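Let's take a walk through this one together.

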Amino acid sequence: MSKNILDIVLNEIKSSPFFALQLDESTDVASYSQLLVYVRYIKGDDLKEEYLFSESLSTTTRGEGVFRTVKNFVDENELQWTKLIGVCTDGAPAMLGIHSGFQTLMKEVAPFAFFNHCIIHRYALAMKTLPPDLMDTFTHVVKIVNFIRSSATNTRIFKDLCNELGGKFDVFLFHTEIRWLSRGKVLHRVLELREEIALFLKRKKIREGKGERVSRSNNR
């Protein structure tokens, strides 16, 4: 099935006057580096974007290894380098090195290609250093999320509360520095669940207060 889909995409690329590639390297749960490649091309009056291929980088993630992987795929599938007009990467040193970086090596086989630094990755880099007031707010938000998500009991109670109130969501998103745009997604989810969070914390405080009074009575 996947081979048939790939053949269709390759035939459409070959019929297109131009195509562009977008690359990203990521490490999976087994600590293997995976190169993901997407392609954008023209079909009729439409601009299509499709997943092209993924490949394990068995040795290093340096520019030469990435270039060799991409070149082998393009050559084996008989795609024309002269039709490649755009390449988008994450701007890592391995991609931009002036001597042996991926971009430098690609220019040798695709002289007409323009190279771009992914705009979403630029946004993620800009978000790494927030102003002090925003960072303080975000820190409190993460503490609230972790307080609820780190306890199985709190998670179940919060989920039941959201269902009781007919909320759109009943789970939080964890913040991670690795996944792009994570901060924005966490803040957006907390904003949507702000009423449920306020009620949960209020009930939690009441329950803990009752438990403390009972404990004091027993100690007497």
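Which residues are buried in H7? Keep in mind that this is a predicted model. In H7, the buried ones are Asn154, Phe158, Leu161 and Cys162. Look down the axis of H7 and these buried residues sit within an arc of 100°, so they line one face of the helix.

Just past the end of H7 comes glycine 166, with a positive phi of about 70°.

Next, the neighbour. Helix H6 (residues 132-149) packs against helix H7 (residues 152-165) at an angle of about 100°, and their axes are 6 Å apart. Angles of 65 to 115 degrees count as roughly perpendicular, so that is how H6 and H7 lie to each other. H6 brings Phe147, Ile148 and Arg149 to the contact, while H7 brings Asn154, Thr155 and Phe158. Sorted by class, the contact of H6 with H7 comes to 3 nonpolar, 2 polar and 1 charged residues.

One last stop is the loop between helix H2 (63-76) and strand S4 (84-89), where you'll find glutamate 78. Most residues other than glycine have a negative phi. Glutamate 78, though not a glycine, has a positive phi of about 55°. Glutamate 78 is also exposed, at a relative accessible area of 61%.

Key
Residues numbered from 1 in each chain as written. Predicted model: local features only at pLDDT ≥ 70, side-chain atom pairs only at ≥ 80, totals over all residues. Heavy atoms only, no water. Helix = DSSP H or I, 4+ residues; strand = E, 2+ residues; numbered from the N terminus. Buried < 20%, exposed > 50% of the residue type's maximum accessible area, 1.4 Å probe, protein only. Axes fitted to C-alpha atoms, helices over the stretch in contact; angles between N-to-C directions. Parallel < 35°, antiparallel > 145°, perpendicular 65-115°, else oblique. Contact = heavy atoms within 4.5 Å. Nonpolar A, V, L, I, M, F, W, Y, C, P; charged D, E, K, R; others polar. Arc of directions from axis to C-beta.
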